[in-house]
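Have the structure open as you read.

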Amino acid sequence: MINIDAEIYNEFRCKADKCKHSCCKGWEIDIDEDTLEYYKDLDTELGNEILQNIQEEEDTHFKLTDDDRCPFLKDNGLCKLIEELGEDSLCDICRLHPRFFEDINDYSLAGVGLSCEKVTELIFEKKSLDFIICDSQKKIDIYELLKLLDINISHDSLDLSKMIPDYLEEGKIEKVLDIFSNTVPIDDKWKNEVLLIKSDYKKLLEGFDSKDIDIKKYEIPYQYIFFRQLELIEQYGTKKIIDYAIYSIIFIILYARLFHDDIEAVRRWSEQIEYNEDNINTLINELELI
């Protein structure tokens, strides 16, 4: 296998207590078998505390607090396990998040997910979407990556300003918002947020064809959303993944215009869609019917 990392994979550093959206809140935290055995072997007061906060079921996980926090997330935003036992004490999901890995042909790709506030900040800072071939440390752009992966796509397909006008028909956007509304919600706020966008989407669409919206600002996020689902091209084909990425970016722009926050728009979209396999498949399949 040839390992290729998205450039931001190596640039990512957790914001820890400076993050407004801690990944230690609101998510079920599964514990892998090796880490569970490690916890069971800890003959200490902290070891006993850990075991008291574990629910052993089909998917063994930490018991979240009443406000959906990891029991070891301290009030200062730092992890008690890291502070007292070091990062090696973490279960796989905590140690690796928000990193992801996918194998395509003879290549192993690594990236970081956009549900992380820091990753989203990094992606908006990028002028181009680049990757590092690990063995040689050679930098390549997304078009060179796709060529290596034997994925045939034109340059125009990843040029958002050229692609997006064909996707902006009002009737289609309304149907797209219905699809987003019907995805499995990550929390109680999701449907209300989509309904707010839908109720005002015609006004929010104003300016897509003018300087009111800097489409170029969203090109790297668009390309990265496409990159994130490269492994699905074999199943769905390139066109469906492009449609998924473009309609996702349109949703993100509408969300950002309504709530005045680009970073949160991408992060919110990602935690709802990108981190739920069923929602990804729903979006891809139902967008085909529009």
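## Helix 9 against helix 14

Helix 9 (residues 170-181) and helix 14 have axes that come within 11 Å and cross at roughly 90°. An angle from 65 to 115 degrees counts as roughly perpendicular, so that's the label for helix 9 and helix 14. Keep in mind that this is a predicted model.

Who does the touching? On the helix 9 side, look for Lys172, Ile173, Val176, Leu177 and Phe180; helix 14 answers with Tyr247, Ser248, Ile250, Phe251 and Leu254. Sorted by class, the contact of helix 9 with helix 14 has eight nonpolar residues, one polar and one charged.

## Helix 14 against helix 15

Helix 14 (residues 238-259) also packs with helix 15 (residues 262-274): their axes come within 8 Å and cross at roughly 135°. Helix 14 and helix 15 are therefore oblique to each other, and their crossing is right-handed.

From helix 14, the contact draws on Tyr244, Ser248, Phe251, Ile252, Tyr255 and Ala256. Helix 15 brings Asp262, Glu264, Ala265, Val266, Arg268, Trp269, Ile273 and Glu274. The contact of helix 14 with helix 15 splits into nine nonpolar, one polar and four charged residues. Ser248 and Phe251 of helix 14 turn up in the contact with helix 15 and also in the contact with helix 9.

In the loop between helix 14 and helix 15 you'll find His260. Its phi is near 60°, a positive value in a residue other than glycine. His260 has a relative accessible area of 70%, so it's exposed.

In soluble globular proteins, nonpolar side chains tend to be buried together. Here, the largest nonpolar core holds 79 residues, and Tyr224, Phe226, Phe227 and Leu230 touch the most other members. Helix 14 gives the most to this core, with 14 residues.

Which residues does Phe226 contact, once neighbours within four places in sequence are set aside? Leu146, Ile153, Leu158, Ile233, Thr238, Ile241, Ile242 and Ala245 make up the list. There's also a second, separate core of 16 residues, with Ile31, Ile54, Phe62 and Cys91 among them.

## Pro221, tucked into helix 12

Pro221 sits in helix 12 (residues 219-228). Is Pro221 buried or exposed? Its relative accessibility is 1%, and buried means under 20%, so Pro221 counts as buried.

Not counting residues up to four places away in sequence, Pro221 touches Ile123, Phe124 and Ile249.

Most residues other than glycine have a negative phi, and most peptide bonds are trans.

Start with the loop between helix 5 (92-96) and strand 4 (99-104), where Pro98 is found.

Then move on to Asn105, in the loop between strand 4 and strand 5 (107-112). With a relative accessible area of 53%, Asn105 counts as exposed.

Conventions. Residues are numbered from 1 along each chain as its sequence is written. This is a predicted model: local features need pLDDT of at least 70, side-chain atom pairs count only at pLDDT 80 or more; totals for chains, interfaces and linings use all residues. Side-chain values use heavy atoms; hydrogens and water are left out. Axes are lines fitted to C-alpha atoms, for helices over the stretch in contact, and angles run from 0 to 180 degrees between N-to-C directions. Helices (H or I, at least four residues) and strands (E, at least two) are DSSP runs, numbered from the N terminus. Angles under 35 degrees count as roughly parallel, over 145 as roughly antiparallel, 65 to 115 as roughly perpendicular and the rest as oblique. A crossing is left-handed if the near helix is turned anticlockwise from the far one by less than a right angle, and right-handed if clockwise. Contact means heavy atoms within 4.5 Å. Ala, Val, Leu, Ile, Met, Phe, Trp, Tyr, Cys and Pro count as nonpolar, Asp, Glu, Lys and Arg as charged, and the others, Gly among them, as polar. A nonpolar core is a set of buried Ala, Val, Leu, Ile, Met, Phe, Trp, Tyr and Cys residues joined through side-chain atoms within 4.5 Å. Buried means under 20% relative accessible area, exposed over 50%, partly exposed in between (1.4 Å probe, protein chains only).
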